Amino acid sequence: MELSDGLLPQVSNGEQWCNRWKHPNEDSDRSTSPSVLRSVARTWKEGLLNRKRPFVGRCCHSCTPQSWDQLFNPSIPSLGLRNVIYINETHTRQRGWLARRLSYVLFVMERDVHKDMFTRNVVDNVLNSSRMEAAILKVATEMEAVASQPGHEHKAVNKVKQKARAFLQEMVANVSPAFIRLTGWVLLRLFNGFFWSIQIHKGQLEMVKKAASERKLPMVFLPVHKSHIDYLLITLILFCHNIKAPHIAAGNNLSIPILSTVIRKLGGFFIRRKMEETKDGKKDILYRSLLHAYTEELLRQQQFLEVFLEGTRSRSGKPFPPRAGMLSIVVDTLFTGAVGDVLVVPVGISYDRIIEGNYNSEQLGKPKKNESWWGITCGVFRMLRKNYGCVRVDFNQPFSLKEYLDTQRSRHIPPPVSLENALMPYIISAQPDGQFEEQEEEEMDREVPDELFRRHVITNLAKHVLFTANKSSAIMSTHIVACLLLYRHRQGVVLSKLVEDFFNMKEEILSRDFDLGFSGNSEDVVMRALHLLEKCVNVTSSANRNGEFTIAPCQTVPALFELNFYSNGLFLVFIPDAIIGMTNGRFLFVSCSCSVLSCKSQRLGSAFTNEQDIYHLVLFPACSILSLQRELMTESAHQHKDRSCLLLSQERLIHKAAGLSHFLTNEVAVASPCQTIYQVLNDAVARLIQYGVIYVAEEDQEELSSSPTEEPWPKKFSEPLSWRSDEEDEDSDFGEEQRDRYVKVSLSAEHQEFFIFLQRLLSPVLEAYSGAAVFVHSLSQPVPESDYTLRLFRYLLTRTERGVAAYGESATHYLVKNTVKTFKELGVLKERRENRVTVLELSSTFRPQANRNKLLQYILSFTLL
């Protein structure tokens, strides 16, 4: 399906607002002025101008090869997009004036509400299941042991069974066909009021519909979670396409009067957000068994499920790490043979602007407000007064869970390498680069027990599904505009230049096989995006540019947080290249930065004694480190007269980049579990060589393998990247093919600008981690984790408010929590439980100041801009 201008409806109010900014004599899409993305993608340009949209959402060929071939045919990508909320008489069986007037009512009445979506005797079946009988008996026995009243077993069992029935009555869904139809009509009318469009790909829905009608298997939808209306979107879209609505696992925070009844009638069932312990600190065996038995009963009756793996809405624009609790129950039903197979459908969802607007209050450390009728009412009225742009929902190709598990059994799944074991040798002992790979090989040789294998499989499945769902999520116009304003034109840009870079950015995104959630003339799309982000941008007129407007991001903390939320939609697109870009910068300047920090550390001596000293140290790298690096390079000009002479070993480059990607594990998944990080990073190097940003040093070396966009999935992910060892035969074909090569960084202005752009994408993250590494010096005694996190957040926020931080968005509460989590996994912080409170203290390894300085040096070696 070609990029066309007619896919999105033209919105008059948005265009009238935008036309005030337009320069009357410009054709922005044909501008020839230099551009960071135009220059690096020059070799792609001719093919991209008439490029077709990539068809996203295919299942993994490596993990589920049979599912890859099923349900898909070559005509599916050509079916194109559809705006779900646009209904007219052609979508009904009636014609004429009255049909046009009542098209929404007729459309809803003609939808097929499947009778088999209603459960049968679910409460009795669950309570009489063998799992529940065993759990009830165990809980009753424990009650008898506490009460010391022998002979009352039967009464105790009945009491526990009544308690289980009460829990189940609060949990189960109560689907109503009439209410589903009514809600469908209401949502279609409401969504038309505050969305321009809700786009779906008809080919993706065709695969889901075919799987639902032909395979006769339960289906589990696993969407990303960005907004409260995610629940409604999936149900509405499936309802509109005559697909059975799923039973939705909803948090019990939404179980409030009246609303809970509405959710149950739409298929929702409530589960506890936290169910690990009871009030006395023990595991709630009864509730966990109840949830397991209820889910198993739904799957046995071939019901569809909808589960949000992240557990909560993303507050950062990036996916949360998956919580595989509900998914583990689904997998266990296959392990126990209760269900023969289950079809899994990852779902990507993208918004121009979420209806919540932003999560600034929570990113500023304020507690989350509990859901209430007052909040819901205010939210609805607020939505009716605004427009939130476009929404795109991508349903991935359904794949067989049984096939996935069988594939994993045939593979040797090594136990995961902890972050501490992976990176501590680099940070503390400065071991050679190959050590990490050797550790991985040693881990792979170990046998994995069955229970540990089960946990690894479930964890990998959850990561794989979440990675696939985010990979298929479309990139929206607000994502691109926010990213350009923050990391390309932070000091402001004229409108024509912004439109030009927007055009080049969208072509670059398409070249990486990500789809776009918009179409049309670039200038019009940019105007609509700026309209949606109007509270986060400043617009001023520039008299010396013929009255053209200049757009700059607001420098207030809330505005930076909100822009960062939307720009993170592009994080997954450029993260491999950004990691390579950071590592290239590290090769160029790491020796300088380490020597500077060493000198600074010697001068400070025991300077880390109070927060004022820490504050000044953070000021040093944020503002002066790049200047000092350049000065040191100038002083050593007799050693490197020409920077173009610096050779980078590709093998070392990828190993260093792998270390950084492991360090940022809690921020983003660089690769799916069936890939290795080395494969993805090698593809990124190949792409940068193809662009000319880096180039092979020796002209007689063979070209790198072709771009990942030109390779089919099996070839891309077939085997881990390996390198020739010293023991291999020098004359062997394999040794020659895998020989290490050296590359150089292009010093042209355009390519250097592209490197700066890539490095800036990661700079806020690394600035937060470097600030956290400095703050560790103030930890002199054990403190509760909540207190430590709050103090760290206030410290980083103070740096932002005082203008010390180069990137104000580095102080988000989400980043702060991730730094604490990473430092715990890295072994910097040690946690222990005291009176059911988690307490943090420095580990023995990092009590010496020298090791804390090494941690800071490691992080700062990547933060060069």
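Visitor: Which residue does Arg-832 meet in a salt bridge?
Guide: Glu-841: the two side chains come together at 3.1 Å, N to O. A salt bridge here is a side-chain nitrogen of Lys or Arg within 4 Å of a carboxyl oxygen of Asp or Glu. Keep in mind that this is a predicted model, where local features need pLDDT of at least 70 and side-chain atom pairs count only at pLDDT 80 or more, while totals for chains, interfaces and linings use all residues. Residues are numbered from 1 along each chain as its sequence is written, and side-chain values use heavy atoms, with hydrogens and water left out.

Visitor: Is Glu-841 buried or exposed?
Guide: Glu-841 counts as buried because its relative accessible area is 14%. The cut-offs are under 20% for buried, over 50% for exposed, and partly exposed in between (1.4 Å probe, protein chains only). Arg-832 comes out partly exposed, since its value is 29%.

Visitor: Changing topic: which residues make the nonpolar surface patch?
Guide: Trp-97, Leu-98, Leu-102, Val-105, Met-109, Leu-182, Trp-185, Val-186, Leu-190, Val-380, Phe-381 and Leu-384, making about 1100 Å². Patches are made of residues with over 30% relative accessible area and no salt bridge; nonpolar side chains (Val, Leu, Ile, Met, Phe, Trp, Tyr) are joined within 5 Å, and like charges within 9 Å. Accessible areas come from the Shrake-Rupley method with a 1.4 Å probe, and for residues only the protein chains shown count as cover.

Visitor: Which element gives the most to the nonpolar patch?
Guide: α10, with four residues. The elements giving two or more residues are α5 (97–101), α6 (103–109), α10 (177–194) and α17 (373–384). Phe-381 is in helix α17 and counts as exposed, because its relative accessible area is 51%.

Visitor: Which residues form the positive patch?
Guide: Arg-273, Lys-274, Arg-323, Lys-817 and Lys-821. Lys and Arg count as positive and Asp and Glu as negative, with His and the chain ends not counted. The place of a charge is taken as NZ of Lys, CZ of Arg, CG of Asp or CD of Glu. Lys-821 is in helix α34 (residues 813–826) and is partly exposed, at 31%.

Visitor: Where is Thr-812, then?
Guide: In the loop between α33 (785–801) and α34. Thr-812 is buried, with a relative accessible area of 3%. Setting aside residues up to four places away in sequence, Thr-812 touches Gln-363, Phe-561 and Phe-793; contact means heavy atoms within 4.5 Å.

Visitor: And Phe-167, what is that in contact with?
Guide: Arg-272, Leu-286, Tyr-287 and Leu-290, leaving aside neighbours within four places in sequence. Phe-167 belongs to helix α9 (residues 153–171) and is buried at 18%. The C-alpha atoms of Phe-167 and Leu-290 are 8.2 Å apart, although 123 residues separate the two along the chain.

Visitor: Last one: what is the phi of Asn-121?
Guide: Near 50°, a positive value in a residue other than glycine. Most residues other than glycine have a negative phi. Asn-121 lies in the loop between α6 and α7 (122–127) and is exposed at 57%. Lys-216 also has a positive phi, near 55°, and lies in the loop between α11 (202–214) and β3 (219–223).
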